[in-house]
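Subject: A structure for you to look at

Hi,

Here is the structure I promised to pass on. Have a look through it first, and then read on for what turned up.

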Amino acid sequence: MAKMTYIKAITSGLDQVLSDDPKTLIFGEDVGKNGGVFRTTVGLQDKYGEDRVFDTPLAESGILGLAIGLSLTGWRPIPEIQFMGFTFEAMDGIVGQLARDHYRFGGQKNFPVTVRTPFGGGTHTAEMHADNLENYFTSTPGLRVVTPANPYDAKGMIISAVESDDPVLFMENLKLYRSMKAEVPDEKYTVPLDSAKVVREGTDITIVAYSAEVNESLKASDALAKDNISAEVIDLRSLSPIDTDTIFASIDKTHKVVIVQEAQRMAGVGATVAADIAEEKIMSLDAPIGRVAAPDSVYPFAQAENDWIPNADDVEAKAREIFNY
Amino acid sequence: MANGSKQIVDFAKIKATMADPYKHPVQVIDREGTVVDPEILAKYSDDQLVDFMKKMVWERTLHEQTMNFSRQGRLGFYAPTAGEEASEMGSVTAFKEQDFLLPAYRDLPQMIQHGTTVAKGFLWSKGHVEGSQHPNPNMIFPQIIIGAQYVETAGVALGIKKNKDEDRVAFAYTGDGGTSQGDWYEGVNFASAFQAPAVFFVQNNGWAISVPRYKQTAAETLAQKAVAMGVPSVQVDGMDIVAVHEVAKAARDFAVAGNGPVVIETLTYRYGAHSSAGDDPSRYRTKEEEKPWFDADPLIRLRKVLTDKGVWSQDQEDKLVASYKDDFKQAMKEAEAAPAQKVSDFLKWTYNVPTPAVKKQIAEFEAKESK
């Protein structure tokens, strides 16, 4: 067991799957010699060779076409899309083709593709490099969408994603890459792809969050605890499907809920969670469902970023409002 | 202003000559049925040529029968193929069963030749998933998103190379309109960058629904686009089955030998509408334009060669047409006998491991469907 950053944990997971299965392939822009622009694949080409870890021409739709074609010839592709904003160039590949292909073959062929892509804001990147585009993909049947919020889950979930016979969009949070360290086992382990996790138990209010907002929610719960408000924090981990059982069990205990997302409010993951809760658990609630989200503007790269992204204060304020309702 | 008249670069000259290598499409039998390359034709036995003729009669009959079925409302979306028999049958017969076919929607005839059944083709048209479960697994369904099959072809070809399958290639089809897609360039370029064994066909039939070929690009030929990707290419008379077959075979040999991909532009013509769903070509093209192409018909010219050789007769052809029609009617009966497609089936195939929400929806639909 060693302390590892989130990004090192992903590298360690990729190392594991490359070593476990000779059919796994990592490819994308700059993933080879350079080890990725964030160094997520650093050292892997040296260790596994250019046949297994390789650079592609600079074209995202081509990268997805490659992934689908390689699946058709028995490979297990792990393409990287360098920034999530670039997935628009691969939208037909991911949404139009990959997500539908298992159905289109009547279940006869699997497309075990894991598309890795960094997302999220707060790191002052160039325009189009920080984005929260998950809602484009969570409305796509046939595709699993997951995002870890800590190093332990990052390693366990990347291994599960690659081992999954369904296509997975694996979203890596840019801000978390190097901002947090945690104990991560050296040996192989997996974390399920379709279950949320209660990361802090509480009794007064449930806070549902994912990715970097889990940390903000934990900070908010620390502040609430000072006033004896006991918040239970749930990390969704999987955005499609959503583990409603874990959320419902928590609401049955707390009867109050706030949903937090870094993405814009409109048509987001939070809206889906809120609708699920409203359908099944409205009679268990003592207060309206609270939502914390970024405003419905385009993503403000660099300057206004930190004012735009919801933080612990926003979560705390909303939780107090719902708690005191 | 500089003195002197010397130009550092002569763009006008470059533009005027860049299509020069493509001025003479490959041809073996011309539109009059005259053999213009007897040396190539001599490579083919009478039996082989008769087999080509049978395949073209088969495809023409399939076209006519499917248009009847469409009028009767017994098919879904179907793309007519009349006029493209030499391009389609000449090319697909150059490949082996283990080669991987990535077709577009006008390529059901090649799929059937490559190892699926006519009934499966009809099921696909009718929106039944069984239509994508082929006896020969080395093909995908007809691609609807123009160009998507090209990027996937690069992936299949790279997979073949990585698997060290020595006698195997990926081959794909699109039309003239398809060459305008970004995916077209990405697919050919990826295959080239990886020197992967792929053969890309562009069936230039003159029309992308109602948009004529000349509006797609100012390039004089579509074949020359491959040059930019470092890929050798050729234009072939797409109404001449021997020429198409010979070129396709050479392309396969080249790719299998590890030389990377090839692009082949076949010059052909779509006699009918874009699809059976009823666009009307008289809205956008004239009888005067159509006539020379109808006169260049691939069946007419091979029929003449074979009749001159004394190995083909009208009586023989009529009997074949009748027997093919019976086959197609039988295939339609088979397609119509397939169990109706259920929503619960769609749900079951959406994921390899269904999500909890999908599991719940499967149960809901199964309950409805059992009533």
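Chain B holds 15 helices and 7 strands. Please keep in mind that this is a predicted model. For its 371 residues, a compact globule would have a radius of gyration near 21 Å, and the 22 Å of chain B agrees with that. Along the principal axes, its C-alpha atoms fill a box of roughly 90 × 60 × 45 Å. Of the residues in chain B, 46% count as buried. If you count the contacts in chain B with a separation of 6 or more, 76% of them come from residues 24 or more positions apart.

One helix I would point you to is H12 of chain B, residues 298-309. Its 12 residues reach 17 Å from first C-alpha to last, close to the 16 Å expected at 1.5 Å a residue. Which residues of H12(B) are buried? They are Pro298(B), Arg301(B), Leu302(B), Val305(B) and Leu306(B). Viewed down the axis of H12(B), these buried residues fall within an arc of 130°, so they line one face of the helix. The general rule behind such a pattern is that an α-helix has 3.6 residues a turn, so residues three or four places apart point the same way. The cover over the buried residues of H12(B) includes helices H3 (46-71), H4 (85-92) and H10 (241-259) of chain B. Just after H12(B), Gly310(B) takes a positive phi of about 75°.

Lys13(B) counts as exposed because it has 10 C-beta neighbours inside 10 Å. Between the C-alpha atoms of Lys13(B) and Leu41(B), 28 residues apart along the chain, the separation is 37 Å.

Now to chain A, where the assignment gives domain 1 (2-184) and domain 2 (197-323). The C-alpha centres of the two domains of chain A lie 26 Å apart. Their contact takes 25 residues from domain 1 of chain A and 20 residues from domain 2 of chain A. On the domain 1 side, helix H5 (134-138), strand S6 (144-146) and helix H6 (151-163) of chain A each supply at least two residues. By class, that side of domain 1 of chain A has 9 nonpolar, 10 polar and 6 charged residues.

Enjoy exploring!

Best wishes

Conventions
Residues numbered from 1 in each chain as written. Chains lettered and ligands numbered in written order. Predicted model: local features only at pLDDT ≥ 70, side-chain atom pairs only at ≥ 80, totals over all residues. Helix = DSSP H or I, 4+ residues; strand = E, 2+ residues; numbered from the N terminus. Expected span 1.5 Å × (residues − 1). Buried ≥ 20, exposed ≤ 12 C-beta atoms within 10 Å, placed from the backbone. Arc of directions from axis to C-beta. Contact = placed C-beta atoms within 7 Å. Domains from an automatic or database assignment. Nonpolar A, V, L, I, M, F, W, Y, C, P; charged D, E, K, R; others polar. Rg over C-alpha atoms; globule rule 2.2 N^0.38 Å.
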